[in-house]
Amino acid sequence: MDMQSTVEEIVATVRPLLRRGDVASYIPGLANVSPDKFGMCVAMSDGEVFGAGDWHTQFSIQSISKVFSLALVMSYDYDSIWRRVSREPSGSAFNSMVQLEADQGIPRNPFINAGALVVTDRLLTLTGDAAHSIRGLLRSESGNPSVDVDRAVAASEAQHGHRNAAMAHFLASYGNLENPVELVMENYFDQCALEISTEDLAKASLFLARHGVSAGGTPFLSPNQSKRINAVMLTCGTYDAAGEFAYRVGLPGKSGVGGGIIAVVPGRCSVAVWGPSLGPNGNSVAGIAALDEFTTRTGWSIF
Ligand code: DON
């Protein structure tokens with residue numbers, strides 16, 4: 001198969017979908033991104049990279065950062081995090097807090113906002129600077145030392161972060177935060193405001209396709225940990241649309257409201273797509289369509 005042509009064809013195929021859905025505007029700092037952008041990159045486990053469209057353009061990583069915070073926490077502290085967060089699909093929106101009271105302050109999974117705040121809190125305790133650690137991981141795995149936080153997006157999110165603040169205080173009321181609410185929020189907003197291109201994101205996600213082996217060739221996670229993160233991505237990575245994503249794409253994936261999505265083909269490659277217009281569950285419409293095309297054309301699904 002000619003992967004470069006395949007990626008170019010997929011990008012051309014999804015172009016008519018770029019204006020379907022809406023660019024995230026609940027974070028004003030994200031609202032001005034052009035919906036006509038689209039990028040896609042496939043990073044093979046042997047290091048080869050194929051890309052098309054706006055694959056070098058940086059965008060806001062948003063919730064995709066939650067994969068990297070979880071990976072870091074698991075790398076330091078095998079699985080004690082699972083005492084503080086479950087790993088079941090929530091069946092509700094990424095920013096919903098309705099289950100949190102019924103579940104006594106234990107979020108349903110690490111990818112909804114409540115769960116991600118707990119993971120960031122743990123990473124803060126383990127490293128002293130969660131956002132900095134995630135930035136470091138993205139830099140080392142992508143090989144791009146200039147990956148950094150978009151300060152305007154972080155400030156915009158902090159200014160409009162009432163719902164996340166409510167969730168963090170609610171978690172704290174159950175004793176499920178180890179650090180001050182303000183510090184956890186600052187780190188969480190910074191990690192979500194990291195800017196990255198599909199090329200760097202696909203490369204940075206490769207350890208999940210290489211059974212935990214980092215870009216430098218050393219184990220970052222064990223094969224077992226890598227399997228577990230992929231499993232949680234499959235069941236919870238696209239929130240209330242995880243069933244539809246598994247049905248259409250058939251791969252572990254994680255979305256962000258910046259319009260990015262990563263998907264992992266264990267043993268083979270990682271894929272990053274970016275299209276800013278989102279469907280009702282906060283996932284890129286064209287991004288999901290591109291990943292659907294990708295697994296249909298290549299046959300590379302886990303099923
Ligand atoms: O906390 C928020 O609402 C955003 N920083 C991240 C949400 C997000 O990306 C959900 N993903 N689709």
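Colleague: Hi! What share of the 303 residues in the protein chain is buried?
Modeller: Buried residues come to 54% of the 303. Bear in mind that this is a predicted model.

Colleague: Thanks. How many helices and strands does the protein chain have?
Modeller: There are 13 helices and 10 strands.

Colleague: Let's go inside. How many residues are in the largest nonpolar core?
Modeller: That core has 98 residues, and Met 40 and Leu 117 are among those with the most contacts inside it. In soluble globular proteins, nonpolar side chains tend to be buried together.

Colleague: Which residues does Met 40 touch, beyond four places away in sequence?
Modeller: Met 40 touches several, including Val 7, Trp 55, Thr 198 and Ala 290.

Colleague: Changing topic: where is Pro 35 found?
Modeller: Pro 35 sits in the loop between strand 1 (22–23) and strand 2 (39–44).

Colleague: Is Pro 35 buried, exposed or partly exposed, and why?
Modeller: Pro 35 is partly exposed, because 18 other C-beta atoms lie within 10 Å, and a buried residue needs 20 or more.

Colleague: Last one: which residues of helix 8 are buried?
Modeller: Among them are Val 184, Tyr 188 and Cys 192. Helix 8 covers residues 181–192 and reaches 16 Å from its first C-alpha to its last.

Definitions and conventions: Residues are numbered from 1 along each chain as its sequence is written. This is a predicted model: local features need pLDDT of at least 70, side-chain atom pairs count only at pLDDT 80 or more; totals for chains, interfaces and linings use all residues. Helices (H or I, at least four residues) and strands (E, at least two) are DSSP runs, numbered from the N terminus. A residue is buried if 20 or more other C-beta atoms lie within 10 Å of its own, exposed if 12 or fewer, and partly exposed in between; C-beta atoms are placed from the backbone. A nonpolar core is a set of buried Ala, Val, Leu, Ile, Met, Phe, Trp, Tyr and Cys residues joined through C-beta atoms within 7 Å. Two residues are in contact if their C-beta atoms, placed from the backbone, lie within 7 Å. The expected span of a helix is 1.5 Å times one less than its number of residues.
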